[in-house]
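I opened a new notebook page for this chain. My plan is to go from the whole chain to single side chains.

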Amino acid sequence: MDDLTKEFIAESQEGLDRMERCLTELEMRPGDGEQLVGEIFRAVHTIKGTTGFLGFDRLEKLAHTGEHLLGSLRDGKLAVTSELISGLLSLLDRLREILMLIEETGGEGTRIGDEDSELIAVLATLNGGAAPVASPTAVNGPRMMLAEAGASSGSSAASEKTLRIDVEVLNRMMNLVGELVLTRNQMLQSNMDASNFSELARRLDSVTADLRESVMQARMQPVGHLFGKFPRMVRDLARTCGREVRVEFFGQETGLDKSLLEAIKDPLTHAVRNAVDHGIEAPEIRVMAGKPSEGCLRLRAFHQSGSVVIEVADDGAGIAMERVLAKAVERGLVTSEQAAEMTEQEALQLIFLPGFSTAAAVTTVSGRGVGMDVVRANVEKVGGSVELESKVGMGTTLRLRVPLTLAIVPALVVRSGGQSFALPQSALVELVYVPQRDAKTAVERVGTAEVYRLRERLLPIVWLERLLELEKRNTAESHGFYLAVLEAEGCRYGLVVDDLLAPEEIVVKPLSAVLREIGLFSGATVLGNGTLALILDIGATAARAGVKPVEEERDEVEMEEKVAQGAEVSLLVFEDRARERTALPLDVVERIESVPLTQIEYAGGRPLLQYRGELLPLRDEGRVLAELEADQEGGEEVPATVLICRSSNKGVIRRTGMVVRKVLDVSGGMLLDRDDATGEMDLALVKDKLTTIHREFDVKSAPEWKEVA
């Protein structure tokens with residue numbers, strides 16, 4: 001196949017994708033159809049015009065018929081009807097099939113009988129012609145579902161080979177490569193003892209980091225490209241299942257790595273199909289329940305803690321726990337005794353077991369028990385996780401959490417049993433060191449499980465060397481131990497390791513078949529010192545160790561009652577002004593970072609920090625940065641301590657960096673009532689010392705923070 005034909009196929013697939021989105025939107029808003037009809041007409045016209053000199057007669061004949069019909073629609077001779085939209089969607093499916101055939105064989109292929117004539121007759125009838133009448137739904141029936149699946153795979157194959165990149169990104173990459181070459185030449189002409197060698201090394205590090213960011217930016221694609229395929233699918237499924245469904249999108253501009261976008265396409269498609277078939281009720285049932293007859297399916301994408309979260313939420317019937325447990329017992333997945341002891345969250349996890357389905361009958365859409373287990377498996381293959389929330393009568397939310405990229409990820413390197421392992425920082429909540437004097441009494445037992453009491457909450461723990469059956473190098477009683485608090489699939493646990501090494505940005509490499517069978521590792525990497533390290537799969541490690549999540553109190557009402565009753569709340573205490581103690585609710589603080597002053601930039605006099613792909617404004621109420629810069633001029637280089645804080649306003653997550661002199665403590669505190677002595681200040685007693693609660697992040701706002709934590 002020549003380059004011209006390859007380019008034609010790629011452009012035609014993009015045009016048909018736009019046409020599909022416009023058709024479903026036109027059916028929903030027929031009154032605002034002038035611009036949409038023009039877009040659809042241009043897509044078909046471009047295909048017809050190009051096929052003329054490429055010699056694809058079959059494509060040209062079909063496109064010509066479609067163009068004639070769309071011309072009548074554009075001129076106002078035809079009204080937008082469901083039958084018209086179905087006929088045009090059938091045309092779109094057939095054009096996709098032929099494009100796939102050209103891509104695979106280089107030609108349009110031959111068929112038994114002239115199947116195109118039937119479709120052409122339907123389109124002519126819709127246009128008021130005298131051709132034999134054939135039902136558009138007949139052409140657009142079971143065969144259409146096959147065409148949809150084929151077109152999806154075909155467009156996927158084509159899209160994997162092409163990528164649209166902004167020219168500005170390419171220019172920036174070229175400039176950075178030039179800087180890299182210049183730095184390399186200077187380093188080759190210098191020796192390691194040269195006075196400017198350390199400066200060249202820092203410059204090389206800076207240029208390499210910028211080049212990596214540019215390459216990752218080039219690979220980023222908006223999730224709107226993926227969302228655009230769902231209105232058509234939801235329309236067809238809703239008709240098949242007898243539903244009325246409206247689709248809403250949020251965060252379509254959210255960027256995700258191209259390879260990950262392809263990897264989550266199938267899991268997301270299955271989640272949408274489940275929401276339409278299982279989640280949203282039939283119109284008459286919704287009306288009886290006091291709901292609108294039309295159900296709503298919301299797809300939302302946003303960035304959170306270095307990951308991309310994609311939510312599929314419906315306002316349907318929700319998941320009845322009794323029905324889930326009864327079906328699980330019936331299929332032999334759990335015993336009746338186990339079912340009786342399960343919490344609601346544990347019962348929801350049964351949906352992800354192989355072979356589980358609550359469908360009453362096997363249909364073309366569902367009921368075969370193949371689905372949610374595959375969804376979780378595919379998402380976890382790319383280092384992601386799946387979370388499920390449901391309320392009976394209110395609806396269900398499926399949340400897919402995937403990393404921004406698979407190529408280079410920040411990780412913490414740990415040692416256990418004499419070997420190095422990497423923990424993805426996206427799953428790392430905090431680090432705890434248990435000294436030798438507390439090692440014997442720190443670990444408690446609840447039944448057969450070992451737990452650690454962290455700020456009055458029980459945390460399940462896993463000993464890495466025991467799980468992997470590694471050689472025991474030292475004992476916790478004699479040296480103490482480190483606890484990496486990790487979060488996977490909605491539950492937290494502590495991983496006990498021997499030692500912590502410096503965090504690194506690691507290059508992820510695929511595992512061999514032997515290591516993949518172990519099921520505890522998501523990849524491997526070569527560390528900066530040249531040694532190999534395996535990357536732990538946080539979710540698989542918890543599952544293998546049999547960690548049972550300890551449910552935390554996250555209810556807003558309960559939190560407000562605690563504050564009202566003067567109950568103790570967890571606070572992070574720091575010093576930002578001389579001799580003045582200030583505190584933040586612990587749930588507000590994501591991380592504590594030590595940042596070199598050279599990484600802090602200024603715009604309009606305001607300090608800013610580039611942090612994990614985000615631009616964070618820095619708050620320096622105690623003028624700490626000016627003091628540190630003065631110390632640095634005197635020859636002493638002191639990094640700034642920055643608290644990464646997170647807030648939420650109407651579902652929009654915002655991060656801010658707070659510069660402090662030093663972190664003093666993490667402890668519980670009692671909120672004091674305001675009186676004449678305290679004035680308008682919010683004060684708390686923390687270990688019998690007065691502490692100011694930061695105005696913008698007072699304790700009463702903590703529940704909102706906890707909701708998004």
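The entries below follow that order.

**Entry 1: the whole chain**

I noted at the outset that this is a predicted model. I then looked up the secondary structure. The protein chain has 26 helices and 29 strands. Next I asked how much of the chain is buried. Of the 709 residues, 47% are buried. I also looked up the surface. The protein chain exposes about 36200 Å². Carbon and sulfur atoms supply 52% of that area.

Residues 24 or more positions apart account for 66% of them.

**Entry 2: aromatic pairs**

I searched the whole structure for aromatic pairs and found five. I wrote down two of these.

One of them is F8 with F56, a stacked pair. The centres are 6.1 Å apart, with 25° between the planes. Where do F8 and F56 sit in the chain? F8 is in helix α1, residues 3–28. F56 is in the loop between α2 (34–54) and α3 (57–74). The two are 48 residues apart, and the pair links distant parts of the chain. I checked burial too: both F8 and F56 are buried.

The other is F421 with F521. The ring centres are 6.4 Å apart and the planes are at 5°, so I logged this pair as stacked. F421 belongs to strand β9 (residues 419–424), and F521 belongs to strand β17 (residues 521–526). The pair therefore ties together parts that are 100 residues apart in sequence. F421 and F521 are buried.

**Entry 3: charges over rings**

I looked for charged ends sitting over rings. R74 has its charged end over the ring of F41, 4.0 Å from the ring centre. R466 has its charged end over the ring of W463, 4.3 Å from the ring centre.

**Entry 4: R21**

I went back to helix α1, where R21 is placed. Is R21 buried or partly exposed? Its relative accessible area is 32%, so R21 counts as partly exposed. I also took the C-alpha to C-alpha distance from R21 to F230. It is 8.6 Å in space, for residues 209 apart in sequence.

**Entry 5: helix α25**

Which residues of helix α25 (residues 624–633) are buried? I found V624, L625 and L628. They cover an arc of only 95° around the axis, which puts them on the same side of α25. An α-helix has 3.6 residues a turn, so residues three or four places apart point the same way.

Notes: Residues are numbered from 1 along each chain as its sequence is written. This is a predicted model: local features need pLDDT of at least 70, side-chain atom pairs count only at pLDDT 80 or more; totals for chains, interfaces and linings use all residues. Side-chain values use heavy atoms; hydrogens and water are left out. Buried means under 20% relative accessible area, exposed over 50%, partly exposed in between (1.4 Å probe, protein chains only). Helices (H or I, at least four residues) and strands (E, at least two) are DSSP runs, numbered from the N terminus. The arc is that of the directions from the helix axis to the C-beta atoms. Contact means heavy atoms within 4.5 Å. Accessible areas come from the Shrake-Rupley method with a 1.4 Å probe; for residues, only the protein chains shown count as cover. Rings of Phe, Tyr and Trp (its six-membered ring) pair if their centres lie within 6.5 Å; planes under 30 degrees apart count as stacked, over 60 as edge-to-face and the rest as tilted. A charge sits over a ring if NZ of Lys or CZ of Arg is within 6 Å of the ring centre and within 35 degrees of the ring normal.
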